[in-house]
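The exercises below are meant to be worked through with the sequence and the model side by side. Please try each task before reading its solution.

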Amino acid sequence: MAQARLAEAHDDVPVGAVVVYQGDVIAEAHNLRERDQDPTAHAELVAVREAARVLGSWRLDDCTLYVTLEPCTMCAGALVLARLPSLVFGASDPKAGAVGSLYNLAQEPRLNHRIDVVGGVMADECGAELRRFFRARR
């Protein structure tokens, strides 16, 4: 949640992500799309890039990604490609969620990797933060 709140400093959607490897936090990130003017700078991808750099490998074996919002198709695809074994997310995203809401890329049997997913962790808090952000902009 602390990472999500940092995104608001540059008027970005408050989504935060943390990668944990063998019990240690190795990457923390928040949305940077507005700051960097980069459509791929979602919190999940920024955190995954940092975790890969820290580990010296694109394979995120033994890692868990925690994120405040259900990943979109771009992020879910990247998590599968990174061989991430485990994902925990907060709020579901009925408009763009790709690990259960609209699609389930994390469990797609035609892909070469599947991710164990736990959704709804701190969903009320994560959802409230997003609703507050968007309410202030309407």
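**Exercise 1.** Which residues does Thr 68 touch, not counting residues up to four places away in sequence?

*Solution.* Keep in mind that this is a predicted model, and begin by placing the residue, since Thr 68 lies in strand 3. Next, list its contacts: beyond the excluded sequence neighbours, Thr 68 touches Met 1, Ala 4, Pro 14, Val 15 and Gly 16, and also Gly 90, Ala 91 and Cys 126. Finally, consider its accessibility: the relative accessible area of Thr 68 is 8%, and because buried means under 20%, Thr 68 counts as buried.

**Exercise 2.** Determine on which side of helix 5 the buried residues lie, and state what covers them.

*Solution.* Start with the extent of the helix: helix 5 runs over residues 123-137, has 15 residues and reaches 21 Å from its first C-alpha to its last, close to the 21 Å expected at 1.5 Å a residue. Then pick out its buried residues, which are Cys 126, Gly 127, Glu 129, Leu 130 and Phe 133. These residues cover an arc of only 155° around the axis, and therefore they sit on the same side of helix 5. As a general point, an α-helix has 3.6 residues a turn, so residues three or four places apart point the same way. On the other side of helix 5, Asp 124, Arg 135 and Ala 136 are exposed. The cover over the buried residues of helix 5 includes helix 1 (2-7), strand 3 (63-69) and strand 4 (86-91).

**Exercise 3.** Classify the aromatic pair formed by Phe 133 and Phe 134, and decide for each residue whether it is buried or partly exposed.

*Solution.* First take the count, which comes to 1 aromatic pair. In this pair, Phe 133 and Phe 134 have ring centres 5.1 Å apart and planes at 80°, and the pair is edge-to-face. Because planes over 60 degrees apart count as edge-to-face, the angle settles the class. Turning to accessibility, Phe 133 has a relative accessibility of 3% and counts as buried, whereas Phe 134, with a relative accessible area of 33%, is partly exposed.

**Exercise 4.** Describe the largest nonpolar core, and examine Leu 84 and Val 48 in turn.

*Solution.* The largest nonpolar core has 32 residues, and those with the most contacts inside it include Val 15, Val 19, Leu 60 and Leu 84. Among the elements that give two or more residues to this core are strand 1 (16-21), strand 2 (24-30), helix 3 (43-55) and helix 4 (73-81), and the largest share, 5 residues, comes from helix 3. Leaving out residues up to four places away in sequence, Leu 84 touches Leu 60, Cys 63, Thr 64, Leu 65, Leu 79, His 113, Arg 114 and Ile 115. Val 48 belongs to helix 3 and is buried, with a relative accessible area of 11%. With the same exclusion, Val 48 touches Val 19, Leu 60, Leu 79 and Ala 82. Val 48 and Ala 78 are 30 residues apart in sequence, yet their C-alpha atoms are 8.5 Å apart in space.

**Exercise 5.** How does the radius of gyration of the chain agree with that of a compact globule?

*Solution.* For 138 residues, a compact globule would have a radius of gyration near 14 Å, and the chain agrees, because its own value is 14 Å. The secondary structure comes to 5 helices and 5 strands, which follow the pattern α-β-β-α-α-β-α-β-β-α along the sequence. Lastly, buried residues make up 45% of the 138 residues in the chain.

Technical notes
Residues are numbered from 1 along each chain as its sequence is written. This is a predicted model: local features need pLDDT of at least 70, side-chain atom pairs count only at pLDDT 80 or more; totals for chains, interfaces and linings use all residues. Side-chain values use heavy atoms; hydrogens and water are left out. Rings of Phe, Tyr and Trp (its six-membered ring) pair if their centres lie within 6.5 Å; planes under 30 degrees apart count as stacked, over 60 as edge-to-face and the rest as tilted. Buried means under 20% relative accessible area, exposed over 50%, partly exposed in between (1.4 Å probe, protein chains only). Helices (H or I, at least four residues) and strands (E, at least two) are DSSP runs, numbered from the N terminus. The expected span of a helix is 1.5 Å times one less than its number of residues. The arc is that of the directions from the helix axis to the C-beta atoms. Contact means heavy atoms within 4.5 Å. A nonpolar core is a set of buried Ala, Val, Leu, Ile, Met, Phe, Trp, Tyr and Cys residues joined through side-chain atoms within 4.5 Å. The radius of gyration is taken over C-alpha atoms; the globule rule is 2.2 Å times the number of residues to the power 0.38.
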